[in-house]
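Biologist: Can you put the model up? I have a few questions about how it is put together.

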2 protein chains.
Amino acid sequence: MEKHESRRAKMTKRLLHEALMELMQEKPFKQITIKELCERADLNRTTFYLHYADQQSVLDDIEREVKEQTLAYIQNVNPSAKAVDLIEAFLHYIQKNEVLFRTLLCNNNGDDFQVELIQYILEGIRTNLPNYGDPTTERYVHTFLMHGSVHIIIDWIEAGFDLPAREVAKLCFRLCDSVRTM
Amino acid sequence: MEKHESRRAKMTKRLLHEALMELMQEKPFKQITIKELCERADLNRTTFYLHYADQQSVLDDIEREVKEQTLAYIQNVNPSAKAVDLIEAFLHYIQKNEVLFRTLLCNNNGDDFQVELIQYILEGIRTNLPNYGDPTTERYVHTFLMHGSVHIIIDWIEAGFDLPAREVAKLCFRLCDSVRTM
DNA sequence: CATTTTATCGACAGCATGTTGATATTACAA
DNA sequence: TTGTAATATCAACATGCTGTCGATAAAATG
């Protein structure tokens, strides 16, 4: 009775995850009701409450999984690779899971997943940041670089990958570098 | 009968605006109900539906007003001022209306007001952007600079204005400039 | 097979929603 | 000032989603 709590339960959660992702491609997250989510997942509404409190909890769960899987993917890349190569690997991973990332990143669901994910990834990659002596200035520069990079990636997804991943990775790298040597 | 549709109506809308801003300082926008909003504004719920369809419409109205007023303020600054001075004027305006901007900018209400406002303002100010020949690259650089600047400003508000407005303006300007000469 | 977990079902009260019709109040204009 | 149109109020109603309950059925484990 250690793991069999997770035989059917995992399947149920998976059904809810898939149903939510489907619905999020059809309408804004705020408009999705629990009732509707259960109908799509073909589950009784009572069952929902055995696993989640509300829609946001389901989304949180999905986002947590995606973060973990993405980081795992990046870490499997040759760890001696340069920063720009790691960014490129990240972008390739996004391309391979286009619908997933488009759904999660390319609209404002009211949470901070956009920044959280990419910050999570980019901070693992983090190249040396500029050192201005003043920690306040450094904090602002860091904010600037992070959010700038985040939105390049989001725009890239929204534009249907109109540049090769390598070009985007190089551009991000150059932009951050130009600030470092400012 | 041309403008008297707006004598009491304007007041009603103003009450709703104020009530919403109050509530948004107390809880996330998503949790605010129409019923609650009307109670706070001391208005009958039926009256609400004479003016707005839902909470988001009220917020849209507020955001539109703030955009207009902010732009008007910026445009009253000496138009021969340098870009960095216009940015500084913008930041001073934010400081003078701290609660307002903190409420509207410093949480994810699920709309795109953050970017819209600041992009709206900064594009009026727009200093020459780098010219790379390639319009796609230019678009990405523009995205990078805009969102980077937006979030410096948001962080600055959240940090309780821990730098003088002039310093933040200069920092934004320098960061954008370092990219232009990249 | 027996036990525990998980899923289903029907039902329920609670609450916010959006609308309606009747009525009162307000603002403006003649 | 008074009449008229616009607004605001009020009570009421049907509707839909919510969260919870108890009882039951199905499924997984050992």
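**Two copies and their parts**

Modeller: This is a predicted model. Chain B can be laid on chain A with an RMSD of 0.1 Å, using a turn of 179 degrees and a shift of 0.0 Å along the axis. That is the relation of a two-fold axis.

Biologist: And which surface do the copies meet through?

Modeller: The copies meet through the same surface, because 100% of the interface residues of chain B are also interface residues in chain A.

Biologist: OK, what is chain A made of, helices or strands?

Modeller: Chain A has nine helices and zero strands. From the N terminus on, the order is α-α-α-α-α-α-α-α-α.

Biologist: What does the C-alpha trace of chain A span?

Modeller: Along its principal axes, about 60 × 35 × 35 Å. The accessible surface of chain A is about 9,500 Å², and 48% of that belongs to carbon and sulfur atoms.

Biologist: How much of chain A counts as buried?

Modeller: 46% of its 182 residues. As for contacts in chain A with a separation of 6 or more, 63% are between residues 24 or more positions apart.

Biologist: Switching to the core. Which residues have the most contacts inside the largest nonpolar one?

Modeller: A:Trp156 and B:Trp156, in a core of 114 residues.

Biologist: What is A:Trp156 in contact with, leaving aside neighbours within four places in sequence?

Modeller: In its own chain, A:Leu91, A:Ile94, A:Gln95, A:Phe161, A:Asp162, A:Leu163, A:Ala165 and A:Val168.

Biologist: Now helix H8 of chain B. What should it span, given its number of residues?

Modeller: H8 of chain B takes in residues 135–158, so its 24 residues should span 34 Å at 1.5 Å a residue. The end C-alpha atoms are 34 Å apart, which agrees.

Biologist: Is that helix mostly covered or mostly open?

Modeller: Mostly covered, with 19 of the 24 residues of H8(B) buried.

Biologist: What happens at the start of H8(B)?

Modeller: There, a side-chain oxygen of B:Asp134 reaches to within 3.0 Å of the backbone nitrogen of B:Thr136. After the helix comes B:Gly160, with a positive phi near 70 degrees.

Biologist: Last one, A:His17. Buried or exposed?

Modeller: A:His17 has a relative accessibility of 10%, so it counts as buried; the cut-off for that is under 20%. A:His17 is found in helix H1 of chain A, residues 8–24.

Biologist: What does A:His17 touch, not counting residues up to four places away in sequence?

Modeller: A:Tyr52, A:Val58, A:Asp61, A:Ile62 and A:Glu65.

Note on methods:
Residues numbered from 1 in each chain as written. Chains lettered and ligands numbered in written order. Predicted model: local features only at pLDDT ≥ 70, side-chain atom pairs only at ≥ 80, totals over all residues. Heavy atoms only, no water. Core = buried A, V, L, I, M, F, W, Y, C linked by side-chain atoms within 4.5 Å. Buried < 20%, exposed > 50% of the residue type's maximum accessible area, 1.4 Å probe, protein only. Contact = heavy atoms within 4.5 Å. Helix = DSSP H or I, 4+ residues; strand = E, 2+ residues; numbered from the N terminus. Expected span 1.5 Å × (residues − 1). Polar contact = N/O pair within 3.5 Å; in protein donor to acceptor, adjacent residues only side chain to side chain. Least-squares fit on C-alpha atoms with pLDDT ≥ 70 in both. Areas by Shrake-Rupley, 256 points an atom, 1.4 Å probe, with all protein chains shown as cover.
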